[in-house]
Amino acid sequence: MTMMTPPPLDQQEDEEMLVPHQEFTEGPQPMEVISSEPATAPENHELEDPPTFKYRWSIENFSRLNTKKLYSDTFFVGGYKWRVLIFPKGNNVDHLSIYLDVADSATLPYGWNRFAQFALAVVNQIHGKYTIRKDTQHQFNGRESDWGFTSFMSLSELYDPSRGYLVNDSCVIEAEVTVRKVVDYWSYDSKKETGYVGLKNQGATCYMNSLLQTLYHIPYFRKAVYHMPTIENDMPSGSIPLALQSLFYKLQYSDNSVATKELTKSFGWDTYDSFMQHDVQELNRVLCEKLEDKMKGTVVEGTIQHLFEGHHMNYIECINVDYKSTRKESFYDLQLDVKGCRDVYASFDKYVEVERLEGDNKYQAENHGLQDAKKGVLFIDFPPVLQLQLKRFEYDFMRDTMVKINDRYEFPLQLDLDRDNGRYLSPDADRRVCNLYTLHSILVHSGGVHGGHYYAFIRPTLSDQWFKFDDERVTKEDAKRALEEQYGGEEELPQTNPGFNNTPFKFTKDSNAYMLVYIRESDKEKIMCNVDEKDIAEHLRVRLKKEQEEKEHKKKEKAEAHLYTIIKVARNEDLAEQIGREIFFDLVDHDKVRSFRIQKQLPFNHFKEEVAIEFGIPVQFQRFWLWAKRQNHTYRPNRPLLPQEEAQSVGQLREVSNKAHNAELKLFLEVELGPDLHPLPPPLKTKEDILLFFKLYDPEKEDLRFVGRLFVKALGKPIDILSKLIEMAEFPPNEEIELYEGIKFESNVMCEHIDKRISFKSSQLEDGDIICYQKALTSANRDQFQYPGVLSFLEYVRNRQVVHFRSLEKPKEEDFSLELSKLFTYDDVVERVARHLGLDDPTKIRLTSHNCYSQQPKPQPIKYRGVEHLSDMLVHYNQTSDILYYEILDIPLPELQGLNTLKVAFHHATKEEVAIHSIRLPKNSTVADVINDLKAKVELSRPDAELRLLEVFYHKIYKIFPPGEKIENINDQYWTLRAEEIPEEEKNLGPQDRLIHVYHFNRDPNQNQMQVQNFGEPFFLVIKEGETLANVKICIQKKLQVPDDEFSKWKFAFISLGRPEYLQDSDVVSNRFQRRDIYGAWEQYLGLEHSDTAPKRAYTTNQNRHTFEKPVKIYN
């Protein structure tokens, strides 16, 4: 995809982030690109065999690395120098961060760039199947000389030795880089080359684009959408049918790629939803359900069911008695297994596979009791358009995570579902219907489980020609590329450096088919019908043609822009309307005044005739002033146009007045009005005359308004015009007033008092200056007003900020809003929040800033008085937010910050319960202090029980903390801290006794038989010299309270470095635990192999502070 948006949102924990590396203080960085969708880059048609190289980097003593970042050695690909950059402890995230870096970027000439497709991988050294590999592509340049994944894989998974990514504390990283020649991507014309246009990507909407193209190219579906009733005055952004009609019309008739923003707005999505990559299957279902609902009661009611709905029969049939239970169910798509299936037919075979219900799993048949039975599914009918969702993603229970299945999986061009004499069909199926299907489209997912890129291969007319729809770009593709290359599986790279590596490199392709759409041959003529303009509602054609005409008009204007000048004319009326409402500091917003598009060759005097017609001001009463931007960044009328300038053309005048050479000319129209409000000729303007503008401030109403302009003499004094100013303000004749000059407002407000008794010239006043005035205040009435003087009011306006506060516990829900000043101190802000919440102690308020990109709270809260002003709380990189999150603490924040907070899971000695306690202690406290604090909070089995604190990670005990260890050195972010009573038998160990680790484990039969997966709660056990397994088992059963029938199924193994050695009852257990040269005590343990039947714990100690997961929702 091509990113053409501002920097987007933070990714959730389970999304990859493709970013140019930058060290940053917290959270994702401003130039971050969402998820792992590769940026759509130039496709190379000139180099048949682009240079490719695979680099392998083995890093020893990985867990002991103390450096924040680490570079690999340099390697060459395509004549360029590259290297890999890693952050072993994460680039300010709890994930390993990996990037590909241009090694010599600092010495390359200005303007260099190169394009590379590359994959980065962390090798699983126990079972290569679980190697984590992520692909992307990028055009490297001086600004972005490295690119990769900030959240490549979680540190907890990487540092767990049983997972296979760290073996003997060695980590292996691979980079496969293909350098391609850069071609001009933007010159490609999809419509001209293919006859079709693409869809623009909003940030991470490639999954939606591929689905929309597939649905659009089912003509019957498109025709039904066109025939959905829509109202002429509807807006597409508020109506799904109208938005979809508009989108399809543009796909059919536009020459350029089409935007999808109207459609996503009609879904009720905000910008954040468009930057979230969702599941295409889920979107397909939700969209079809919405359309089905919107079609009810219309001429196209039932279209979705007619196209996509099929039925199957679930049955259970008893073997020994005459009893059968059936249930008919409908489906819009079918989920087919990929794992363990070589092709679509194998998946259908598995779908209808008969399951035997017998033994402990007998079926309770009505009136017959428990019976042996067979259970299965058969199809009653298939739909005209068959959507097959391939289960490329599944949950791996052993790894406790989602994985992508990249296995090779074939699918035919012609699919015969009547094969083998209708083995997939139920007895009730209509055998007269021929279920022979032809492949219409293939939706492809490229990437990993955490994100990736979607595109589609489609045969719009079911001819032999395939087309690839990849966001904005549509290309012709041959059948081999569309079909065989999307099967997945492994691919072998040709040898590019035979002398360097004699072993051909095989890699698993992560681009493969994810959804298939077949059309039934017997329905082909009806489904692939003709769709033309007569199918489109008249009001829609008119609306869209008008849009197209406006677009063409704008395009023409842009092309002819060099022939025209835009003249923006501000008048007294504009100043009076804007000042005090939208404008406070200068005079006018030029974007909100009347503008004229005038040919540059037109004499300016002719333009004045147009102004006369527009405003009703005869030419002889018009005088125009040029505006000028001053050094203090204010913008004021500078001087009137000279007669010889008015005789020039508009173009010449614009060039004289505007050094920036833009297409605009800004003017102020001065019109003098007589007592009867009729225009008069402009007064003579000499060098001694100064044009001043006046604003009046009312402290009681906190109101600033424009009251007029006056010419004054340079040597005159303000006292000379006081009576006129009092009249303009409608004050009593003897009212005393104070005058101030509005000087500037950028960086700080300058509004200085004017001495009424010195000349305007001495006060350095000139044409275009602004004087603000107000009633003079006495010290007695000054305290009545919040902003008594115009300066204090302008400072308030400059710094006022409405802040929307949300509870940190409900970060998506707005709670309340307060109008504050950006200059408020930390104490001012928390005091206002506490006052609003009715809290007596403001120090119990803790605030957290807002991340503008992710629309989430920042990971770290604001420290007590950690920022000076409100403005510092609201800034996020180069953006300013208006959201803050608050918490109400149980103790004051300064006190809390002086403490270390540890989450400790206390395991009761005799009860099956675990309680999580937050222990707060001074930072210089020790583990002994933690244990003493905990003793006062928990129920002990006996009063004199002793406690210990353990470090547990992935169901293994890694450390027993010594009582004297400082708690500031303990990290509970990744490790679980467990407290437990020390058993009596461990306190009195004999000289030959040994304390060993005992862990639960099991193995997945589909994985490498040597790989074990730990689960459950690990514990210690005392074994004595010469003690056999039979005796040890008795102790374990008693300790764990496992029933005999269950315990008899358990197996016992000595496990060293993840490899089990099974034990017999007669084996002496202590003989196995003799080695001392192991990496850690946890790497040798007694393993208890059994199934994990225990419910998952209800607590999680190591979660990110804020995690959000947004499912696909269409709100309207």
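Me: Is Q764 buried or exposed?
Reply: In this predicted model, Q764 is exposed, because its relative accessible area is 66% and the threshold for that class is over 50%.

Me: Where is Q764 found?
Reply: Q764 is found in the loop that runs between β39 (750-753) and β40 (770-775).

Me: What is the phi of Q764 near?
Reply: Phi of Q764 is near 60°, which is a positive value in a residue other than glycine. Most residues other than glycine have a negative phi.

Me: And what about the phi of R865?
Reply: R865 is not a glycine either, yet has a positive phi of about 55°. R865 lies in the loop between β44 (856-857) and α23 (870-874), and counts as exposed because its relative accessibility is 51%.

Me: Let me step back to the whole chain. How many helices and strands are there?
Reply: The chain comes to 28 helices and 57 strands. Of its 1116 residues, 52% are buried.

Me: What share of the contacts is between residues 24 or more positions apart?
Reply: Such pairs account for 68% of the contacts with a separation of 6 or more.

Me: Now the packing. Which residues touch the most other members of the largest nonpolar core?
Reply: Those are F221, F248 and F308, in a core of 54 residues. Helix α5 (residues 240-253) gives the most to this core, with 8 residues. Apart from it lies another core of 40 residues, which includes V344, Y345, V403 and Y487.

Me: What is F308 in contact with, leaving aside neighbours within four places in sequence?
Reply: The partners of F308 are L215, I218, F221, C288, F331, Y332, P383, V385 and Q387. In soluble globular proteins, nonpolar side chains tend to be buried together.

Me: Which helix do the buried residues of α14 pack against?
Reply: They pack against α5. The buried residues of α14 are H539, L540, R541, R543 and L544.

Me: What should the span of α14 be, and how far apart are its end C-alpha atoms?
Reply: Helix α14 (residues 538-559) has 22 residues, so at 1.5 Å a residue it should span 32 Å. Its end C-alpha atoms are 31 Å apart, which agrees.

Me: Switching to strands, where is the place of I98, and is I98 buried or exposed?
Reply: I98 is in strand β6 (residues 95-102), and counts as buried because its relative accessibility is 0%.

Me: What does I98 touch, not counting residues up to four places away?
Reply: I98 touches V84, L85, I86, L120, V122, G148, F149, F152 and I173. As for L85, the C-alpha atoms of I98 and L85 are separated by 5.8 Å, although the two are 13 residues apart along the chain.

Me: On to charges: how many salt bridges does the count come to?
Reply: The count comes to 66 salt bridges. One of them joins the side chains of K608 and E646, at 2.8 Å from N to O. That pair links distant parts of the chain, with K608 in helix α16 (residues 604-615) and E646 in helix α17 (residues 643-646), 38 residues apart.

Me: Are K608 and E646 buried or exposed?
Reply: K608 counts as buried at 6% relative accessibility, and E646 counts as buried at 11%.

Me: What does E645 pair with?
Reply: The side chain of E645 meets that of R639 in a salt bridge of 2.8 Å, N to O. E645 is buried, with a relative accessible area of 10%, whereas R639 is partly exposed, with 27%.

Me: Which residues are linked in a network of salt bridges?
Reply: D586, R630, R636, E766 and D769 are linked in such a network.

Note on methods: Residues numbered from 1 in each chain as written. Predicted model: local features only at pLDDT ≥ 70, side-chain atom pairs only at ≥ 80, totals over all residues. Heavy atoms only, no water. Core = buried A, V, L, I, M, F, W, Y, C linked by side-chain atoms within 4.5 Å. Buried < 20%, exposed > 50% of the residue type's maximum accessible area, 1.4 Å probe, protein only. Helix = DSSP H or I, 4+ residues; strand = E, 2+ residues; numbered from the N terminus. Contact = heavy atoms within 4.5 Å. Expected span 1.5 Å × (residues − 1). Salt bridge = Lys/Arg side-chain N within 4 Å of Asp/Glu carboxyl O.
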